Amino acid sequence: MTNEDGKEDDSGLSADTIGKAGEIDMSSCCASCGIAEVDDIKLMTCDANCKLVRYCSDTCQRDHRPFHEAMCKKRVAELRDELLFAQPESNHLGDCPICCLPLSLDGSKIMMKSCCSKVICKGCSYANMIRELSISLKLTCPFCRHPSPATKAESDANIMKRVEANDPVALRKVGIRQCDEGDYGSAFEYLTKAAKMGDVEAHFNLAAMYWKGAGVQKDGKKGNYHAEEAAIAGHPEARFSLAAIEWKNGNRERAVKHLVIAANLGDDNSVDKLNHGYLEGVLSKEDYAAALREHQAAILATKSPQRDAAERARGGGY
C-alpha cells in the first residue's frame with residue numbers, strides 16, 4: 001500500500017481498515033496495544049460481549065480492563081435492556097403445530113401430548129377425536145399418531161421415554177412434578193437441564209425457585225435472570241412478575257414497559273395492571289389504548305370455529 005506521496009506505507013493497514021477521512025477504524029485495532037487486524041493477526045471481542053472493543057490477546061484484554069470496565073458494564077446493560085424490552089413476535093407457546101394458529105395462554109384450551117411433547121390446541125384434538133370416532137378408529141395423537149394413553153400410568157411412561165431422549169419439555173414436566181412433591185433437589189436438576197436446552201417454562205420455574213429459596217439458596221439476582229430469559233422468549237407471566245418487581249422498586253416506567261409487552265401478547269393480568277398505570281399517570285391515554293387494541297388482537301388471533309366447537313364440547317364434559 002502507498003501513501004499520499006506515492007511512497008510505500010509500512011503501517012500494515014489495509015484500505016478497509018482506514019476510514020474515508022484517513023482515520024483508523026478502531027474496531028479493527030486492539031483496544032490495548034493498538035495493533036491492527038491484518039494478515040495473521042486476528043482480534044477477539046470483549047469477553048463481556050459489549051461490542052465496543054476488540055483485543056489481540058487475553059493479556060491485552062486483562063491490561064485494558066481497568067480503563068474499559070465501567071464503559072463495558074454500562075454498554076452490556078444497555079444491550080440487555082434492548083433485548084429485554086423488544087416485543088416478541090408471539091407468546092412462548094407459539095403456534096399449534098397442526099392448525100398453525102397462535103396457542104392460547106388459557107391452559108384449559110391447550111394440551112401437551114405425552115407421546116411427542118407437542119403442545120396443541122384443544123380444537124385440533126377435539127376435531128381429531130370426532131373424526132376417529134366417526135369411522136371407528138382407535139384414538140391417536142393428532143400430531144404423531146401414537147395411540148392415546150388409556151391411563152395416567154401410560155401417560156407417565158410416555159413422558160419418561162421422552163425424558164430418556166432428553167426432551168426439554170418432558171424434563172421440565174418431570175421437574176415441576178418433583179417440585180410439587182417437595183423433591184426440590186431433583187426438580188432443580190431437571191429444570192436446569194431443560195432450561196439449558198432452551199425450555200422457556202423451565203426458566204420461569206427456576207426463577208420462582210430462586211425467588212422463594214425453594215431447594216436452593218434464595219437469590220433474587222439469579223431469579224430475575226431466569227425470569228428475564230423467559231420474558232425475552234415471550235412468557236407473559238414471567239414479564240408480569242418482573243413488572244411487579246420494578247413497580248415495587250419504584251421503577252414505574254420499566255414496569256409499564258413490561259406490562260405493555262405482556263398485554264400485547266394477550267395477558268389479562270397485565271391489562272388490569274396497566275389500568276392502574278394509566279390512572280396514576282405513568283401511561284398515556286394513547287399508549288393505554290394501543291395496548292388494549294393489541295391485547296384484543298392477540299386474543300382474537302387464538303380463536304377459530306374448530307376451537308369454539310371444542311370449547312362448547314368442554315362445557316359438555318370434553
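This is a predicted model: local features need pLDDT of at least 70, side-chain atom pairs count only at pLDDT 80 or more; totals for chains, interfaces and linings use all residues.

User: Which residues have the most contacts inside the largest nonpolar core?

Analyst: The largest nonpolar core is made of 13 residues, and those with the most contacts inside it are I159, V163, L191, A202, L206 and M209. At least two residues of this core come from each of α3 (152-164), α4 (168-180), α5 (184-196) and α6 (200-212).

User: And which helix gives the most to this core?

Analyst: That is α6, which contributes four residues to the core.

User: What is L191 in contact with, leaving aside its neighbours within four places in sequence?

Analyst: With those neighbours set aside, L191 is in contact with R172, G175, I176, A202, N205, L206 and M209. Of these, A202, L206 and M209 are also among the residues with the most contacts inside the core.

User: Switching to S241, is it buried or exposed?

Analyst: S241, which is placed in helix α8 (residues 236-248), counts as buried because its relative accessible area is 18%, and the cut-off for buried is under 20%. Not counting residues up to four places away in sequence, S241 touches F204 and W211.

User: Now the pockets: what volume does the largest one have?

Analyst: Its volume is about 620 Å³. The lining of this largest pocket is formed by 24 residues, with H92, L93, V119, R172 and E201 lying nearest the centre, and the elements that give two or more residues to it are β3 (110-112), α4, α6 and α8.

User: How does that lining divide by class?

Analyst: The lining of the largest pocket has 11 nonpolar, five polar and eight charged residues.

User: What about the second largest pocket, and which residues are closest to its centre?

Analyst: The second largest pocket holds about 390 Å³ of space. It is lined by 24 residues, and the closest to its centre are L265, G266, A298, I299 and T302. Both α10 (268-279) and α11 (285-301) supply at least two residues of that lining, with the largest share, four residues, coming from α11. By class, the lining of the second largest pocket divides into eight nonpolar, nine polar and seven charged residues.

User: On to charges, then. How many salt bridges are there in the whole structure?

Analyst: A search of the whole structure finds 16 salt bridges. One of them joins the side chains of R145 and E132, at 3.7 Å from N to O.

User: Buried or exposed, where does E132 stand?

Analyst: E132 is buried, with a relative accessible area of 2%, whereas R145 counts as partly exposed at 43% relative accessibility.

User: Which residue does D167 meet in a salt bridge?

Analyst: The side chain of D167 meets that of R162 at 2.8 Å, N to O. D167 is buried, with a relative accessible area of 8%, while R162 is partly exposed, at 26%.

User: And what does E246 pair with?

Analyst: E246 forms a salt bridge with R254, at 3.0 Å from N to O. E246 counts as buried at 14% relative accessibility, and R254 counts as partly exposed at 25%.

User: Which residues are linked in a network of salt bridges?

Analyst: R75, E78 and E82 are linked in such a network.

How values were computed
Residues are numbered from 1 along each chain as its sequence is written. Side-chain values use heavy atoms; hydrogens and water are left out. A nonpolar core is a set of buried Ala, Val, Leu, Ile, Met, Phe, Trp, Tyr and Cys residues joined through side-chain atoms within 4.5 Å. Buried means under 20% relative accessible area, exposed over 50%, partly exposed in between (1.4 Å probe, protein chains only). Contact means heavy atoms within 4.5 Å. On a 1 Å grid over the protein atoms alone, a cavity is a set of points where a 1.4 Å probe fits but cannot get out, and a pocket is an open set with protein on both sides within 12 Å along at least five of seven lines; lining residues have an atom within 4 Å of a point. Grid points are joined across faces, edges and corners, and a volume is the space filled by probe spheres set on the points. Ala, Val, Leu, Ile, Met, Phe, Trp, Tyr, Cys and Pro count as nonpolar, Asp, Glu, Lys and Arg as charged, and the others, Gly among them, as polar. A salt bridge is a side-chain nitrogen of Lys or Arg within 4 Å of a carboxyl oxygen of Asp or Glu.
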